[in-house]
Each structure stands twice: as structure tokens, then as C-alpha cells.
Amino acid sequence: MTDRPSEDPRIFTPVTALAACLTFTLIGVLGAAYGPLIPLFQARFGVAPAEAALVISAHAAGSIVGIIAAVPVMRRLTHRSFFVIALTALAVGSLAFAVAPVWAAVIASAAVVGFGFGMLDLGLNQLFAHGFGRRSSSMLNVINGAFGVGAVAGPLLVASVAPAVGVVYLGTAIAAVALLLPLSRVPGREPRGQSEADKEEIALGGIVGSTLVRVVGLFALAYLLYVAAEESIGGWEPTHLAAVGLSAREAAGATSLFWLSLTVSRFLAVPIAMRVSAQRIVLACSGAAVVTLGLASVPGLAPFAYAATGLAIGPIWPTGIAWLAQVTAPRRAPGVFLFGAGMFGFLLFPPLIGVVIQTFGVAATPVVLALLAAGTATVFGSVALVLRARRSVGRAGGSMA
């Protein structure tokens with residue numbers, strides 16, 4: 001048997017896997033902290049709400065650059081070097097954020113934090129997708145569940161120390177340095193080419209050429225729509241619930257429940273992913289989201305329907321990554337398209353949906369969200385059909401041979 005360039009299941013030890021999960025909790029804290037920071041920035045720096053929100057855009061822009069940079073860094077350098085670069089950026093950005101004296105420095109610091117965030121988001125998801133063998137789908141749900149824990153904790157941390165939020169960012173800088181110690185021990189590097197075993201695997205059953213392009217393109221579109229739906233639910237659920245009679249506090253609590261449900265569902269998916277294929281999980285979850293968001297149109301059911309939607313969609317992001325890794329193995333690069341598409345979905349769709357809601361009224365919110373979910377389910381279904389057709393052609397070719 002020909003040895004592969006990197007024996008993926010041996011990449012992580014229990015210690016380094018735990019450090020990776022804690023790193024995702026850390027970036028979850030950083031990603032979710034901006035919302036409660038906006039009114040604090042307005043008071044401290046005297047900026048308008050729209051200008052204060054630029055800190056989120058700076059983080060997102062830095063994340064896109066980090067996602068793009070992660071691919072060549074992982075190809076050309078060792079895993080150790082990758083973590084040194086990404087966690088150093090996170091630590092430096094957090095430290096600068098903690099002591100930023102002027103608004104421009106805050107924006108610049110958020111961009112640096114976003115750069116480290118984007119590198120780690122792509123890099124760790126990619127390593128987990130290939131680094132645990134048959135357990136990769138389950139482990140992806142674990143690490144993304146850890147991200148959700150951080151996302152729930154981030155706003156609470158900011159609220160608990162406000163207005164001295166620099167303490168939170170000083171803590172994240174120290175945590176990034178501490179996590180570098182175990183993660184710098186992750187061995188090896190990404191494969192630079194295909195081994196003979198890889199080439200044989202592709203020839204027998206993998207996807208190549210135009211089929212590969214089509215599958216990756218469909219995945220990217222599905223992820224764009226998925227992230228658009230997820231972020232739009234988080235952004236517009238409070239407005240919709242307030243319109244159907246909930247108080248501001250109740251609407252905020254229901255929205256927190258959505259994010260908590262999404263996080264819990266990823267941990268619940270861990271044992272399921274050991275027994276059920278990634279494709280089936282993604283198709284079932286994306287279809288269920290269409291139903292739950294449809295039920296959100298009923299005022300009395302809306303809070304519960306949004307919570308059920310969190311349970312439905314939680315496993316889609318990590319399990320979809322595992323699905324793509326399985327069908328495009330041994331290639332690693334296609335994953336970058338998912339993260340890039342997801343980031344653009346985050347940037348573009350929530351404000352676009354705001355325009356639609358402004359035109360048709362707040363009552364249209366769950367309908368618009370259900371349409372996004374339906375689009376996601378349809379595209380994932382198209383992926384399954386393309387793969388089925390590809391397998392049929394492969395079996396026919398094999399029988400003729």
C-alpha cells in the first residue's frame with residue numbers, strides 16, 4: 001500500500017483536539033461580542049450607530065482575507081506555522097482592541113482579529129474534516145458546538161464587565177497565546193499532491209472535472225443561502241416577535257433560545273453522525289428547517305418555531321463540511337469556497353431581507369426566511385442528485401469494463 005502524504009487520523013491527540021475546541025470557543029466569544037459593544041462604542045467614541053456598526057464590517061473583511069490566506073499558508077507551511085500565524089494575529093488584534101485609544105484603532109484592531117478568526121475558522125474546520133477518519137463528521141459537530149458555546153457566552157461577558165470591555169479582550173489575547181502552546185505541537189503539513197493511492201481512489205469513485213466544479217459550486221451556493229438564513233433569523237427574529245405581541249425582553253430571550261438550540265443540536269448530532277451519513281443528516285435538517293420556519297408564520301407558535309429551527313439547522317454547517325470532504329477527497333482546497341460563500345451570505349442577505357421586510361411588512365419575515373431555507377434544501381438536494389448520477393455512471397462504466 002502506498003503511504004499518503006499525511007495520515008489524517010493521527011493529526012490530533014486528545015490534548016490538541018481539546019485545545020482546538022477551546023480555540024473555537026474563543027473565536028465564538030469574539031464573533032458574538034460586537035453586538036453589545038455597539039452602544040458602548042457610541043458612548044465612548046461619540047460615533048453614530050451606522051458608524052459604530054463598521055466594527056462588524058471590519059471584522060468580516062478581515063475574516064475574508066484570513067480565509068483566503070489560510071489555503072496557501074496551510075499548503076506551504078507546517079501545521080505548527082499555521083497556528084503560530086493565526087493565533088498570533090488573534091492575540092495581537094485582541095490586545096490592540098483592548099487598549100485602542102481612538103475609533104480608527106478600534107476598526108483596525110477588529111480587522112486583525114477578523115484575520116486570525118478567518119484563518120482559524122477555515123483551518124480548524126478543514127483539519128477536523130480530514131483528521132479523524134470516520135469520526136470526522138461527529139468531531140466537526142463537536143468543534144462547531146464549542147463555537148456556539150462561545151457565541152452564547154460572548155455577549156454575557158461583555159455585559160458583565162461593561163464598560164471595562166478591554167478586560168475581555170485582554171483575556172482573549174492571553175488565551176490565544178496559551179492555546180498556541182498545545183496547538184503548536186500538531187504535527188505534519190497539508191498534502192502537496194496526490195499519492196498513487198489517491199489517484200486510484202479518484203479513478204474508481206471520486207469526482208473530477210466538470211462534476212467536481214458543479215458539486216463545489218452547488219455546495220458554495222447552499223452555504224451562502226444557509227448562512228443568509230441563519231444570520232437573518234438571528235437578526236430579524238426579535239423584530240418579528242415584537243410585532244406579534246412579545247415584549248422586547250421576551251423577544252430577546254427567544255432569540256437567545258434560538259442560538260442556544262442551534263448550539264445544543266450540534267452536540268446532539270455527534271452520536272447520530274457516527275451512524276448516519278453526512279448527506280442524510282444535511283438533507284433531513286435542511287428540509288426540517290423549511291417546515292419549522294413555515295410554522296413561525298403562526299403568531300402563537302413563532303417563538304417555539306424559531307427554537308425548533310435552531311435545533312434543525314445546527315448540524316448543517318459542520319456536517320456539510322464533512323460531506324464535501326468525503327466526496328472531494330483527497331482534495332482540501334474546495335472548503336475555502338464554502339467559507340467564502342458563507343461570509344458573503346452574512347454580509348449581503350440580512351440587509352437585503354430588511355429591504356424586503358420594509359416593503360412587505362414584518363409579517364413577511366418567516367416567509368422570507370422559509371424561502372431561504374427552501375433554497376438551501378433544494379441546492380443540497382441537487383448535490384445529492386449530481387452525486388447519484390455520478391455513481392450510476394461509474395457503476396455502468398465498471399460493469400462495461
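Helices here are DSSP runs of at least four residues, numbered from the N terminus. The legends below all refer to a predicted model.

View 1. Let's start with Ser 137, a residue of helix H7, which spans residues 136–161. With a relative accessible area of 4%, Ser 137 counts as buried because that value is under 20%. Which residues does Ser 137 contact, leaving aside its neighbours within four places in sequence? They are Ala 273, Ala 278, Thr 319 and Ala 322.

View 2. Next comes Ala 69, found in helix H4, residues 54–76. Is Ala 69 buried or exposed? Its relative accessible area is 19%, so Ala 69 is buried by the under 20% cut-off. Along the chain, Ala 69 and Val 336 are 267 residues apart, and a separation of 9.8 Å lies between their C-alpha atoms.

**View 3. Helices H1 and H2 where they meet.** For helix H1 (residues 14–32) and helix H2 (residues 34–45), the axes come within 6 Å and cross at roughly 40°. On the H1 side, the meeting residues are Leu 30, Gly 31 and Ala 32; on the H2 side, they are Tyr 34, Gly 35 and Pro 36. Sorted by class, this contact of H1 with H2 has 4 nonpolar and 2 polar residues, with no charged residues. Here the two glycines, Gly 31 and Gly 35, count as polar.

How values were computed:
Residues are numbered from 1 along each chain as its sequence is written. This is a predicted model: local features need pLDDT of at least 70, side-chain atom pairs count only at pLDDT 80 or more; totals for chains, interfaces and linings use all residues. Side-chain values use heavy atoms; hydrogens and water are left out. Buried means under 20% relative accessible area, exposed over 50%, partly exposed in between (1.4 Å probe, protein chains only). Contact means heavy atoms within 4.5 Å. Axes are lines fitted to C-alpha atoms, for helices over the stretch in contact, and angles run from 0 to 180 degrees between N-to-C directions.
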